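Please give the cut-off behind each term.

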Amino acid sequence: MSLINDDLQQLLLRYCEPESELLQQIDRETNLKVLMPRMLSGHYQGRVLSFLSKMVSPKRILEIGTFTGYATLCLAEGLTKDGILYTLDINLELEDMVRSNFAQSPHNSQINYILGDATQTINELDEVFDLVFIDADKKNNGTYYDLIFDRVRPGGIIIVDNVLWSGKVLHNQQDKDTRNITNFNDKIAADDRVEKMILPVRDGLFVIRKIDS
């Protein structure tokens, strides 16, 4: 999942902010108890998400894809005092773990954890978002982007994870999943409503800013 070698990764960790005890606990338990623990954002990407959120100082955040709640709590660090973070997921099996993780956070009261198909639950939210993080089923990245775009304020930020797909986007011959990622990346590149750049953090973060109208 990481595009850099282990030695450089350790150096990056040395020069960024440490994880909280709760985030360390979530990382350990996810790796011990959950299938595909590599889906967890982890220390360095978590600090990047926290940093971006603090720069935006969002009143409303939308996260599509909760997993075990690690990235959720990182994003919540930037919320205003009256801010709310909506996080959407479809995995009922992780609900107890996720709710327990959130309950231990000082941001628990600001997190609205919604289970169900995100293509449906998004439509139930009557909000305008300052920050959106998309990290769910990759084939639907474009669908999620289209669903949320008009709900993001001008100047708001959309972040999409896994857009470098372990470097497979460089291959001429691409499997279906990689083609989906490449097609989404091309869609964003052609969208003149936004400013955009890919950060080579972990598996690639597409950072997209909605241009002020």
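Predicted model: local features only at pLDDT ≥ 70, side-chain atom pairs only at ≥ 80, totals over all residues.

Residues are numbered from 1 along each chain as its sequence is written, and side-chain values use heavy atoms, with hydrogens and water left out.

Start with the sheet. Helices (H or I, at least four residues) and strands (E, at least two) are DSSP runs, numbered from the N terminus. Two strands pair if DSSP finds at least two bridges between them. Strands of a sheet pair through backbone hydrogen bonds, either parallel or antiparallel. Here seven strands make an open sheet with mixed pairing. Their order is β3-β2-β1-β4-β5-β7-β6. The edges are β3 (111-115) and β6 (194-199). Each has a single partner strand, so one side of each is left without a neighbour in the sheet. From one strand to the next, the twist averages 15°. Axes behind such angles are lines fitted to C-alpha atoms, for helices over the stretch in contact, and angles run from 0 to 180 degrees between N-to-C directions.

Now take the pairings. β1 and β2 run parallel, joined by five bridges. I61 stands opposite L85 in β2. β4 and β5 also pair in the parallel sense, over five bridges. There F133 has I159 of β5 as its bridge partner. β6 and strand β7 (residues 205-210) are antiparallel, with six bridges. M197 is opposite V207 in β7.

How covered are these strands? Buried means under 20% relative accessible area, exposed over 50%, and partly exposed in between (1.4 Å probe, protein chains only). In β5, eight of the ten residues are buried, so this strand is largely enclosed by the rest of the structure. β2 is mostly covered, with five of its six residues buried.

A helix lies against the sheet. Helix α3 (residues 42-56) packs on it and touches β1 (60-64), β4, β5 (152-161) and β7. The direction of α3 makes about 180° with that of β5.

Two loop residues come next. V128 lies in the loop between α6 (118-121) and β4. V128 is exposed, because its relative accessible area is 51%. Contact means heavy atoms within 4.5 Å. Leaving aside neighbours within four places in sequence, V128 is in contact with R60, R151, V152 and R153. V128 and L62 are 66 residues apart in sequence, yet 9.4 Å apart in space, C-alpha to C-alpha. H107 sits in the loop between α5 (95-103) and β3. At 19% relative accessibility, H107 counts as buried. Beyond its neighbours within four places in sequence, H107 is in contact with A76 and E77.

Turn to the rings. A pair of aromatic rings is described by the distance of the centres and the angle of the planes. Rings of Phe, Tyr and Trp (its six-membered ring) pair if their centres lie within 6.5 Å; planes under 30 degrees apart count as stacked, over 60 as edge-to-face and the rest as tilted. The structure holds four aromatic pairs. One of them is Y86 with F129, edge-to-face at 6.1 Å centre to centre and 85° between the planes. This pair links distant parts of the chain: Y86 is in strand β2 (residues 84-89), F129 in strand β4 (residues 129-134), 43 residues apart. Y86 is buried at 9% relative accessible area, and F129 is buried at 1%.

Y145 and F149 form a tilted pair, 5.5 Å centre to centre with 50° between the planes. They are four residues apart in helix α7 (residues 141-149), so about one helical turn separates them. Y145, F149 and F184 form one aromatic cluster.

F149 also has charges over its ring. A charge sits over a ring if NZ of Lys or CZ of Arg is within 6 Å of the ring centre and within 35 degrees of the ring normal. The charged end of R193 is 3.7 Å from the centre of the F149 ring. That of K210 is 4.6 Å from the F149 ring centre.

Finish with the cysteines. A disulfide is a pair of cysteine sulfur atoms within 2.5 Å. By this rule the count is zero. C16 is in no disulfide, and its nearest cysteine sulfur, that of C74, is 10 Å away. C74 counts as buried, because its relative accessibility is 0%.
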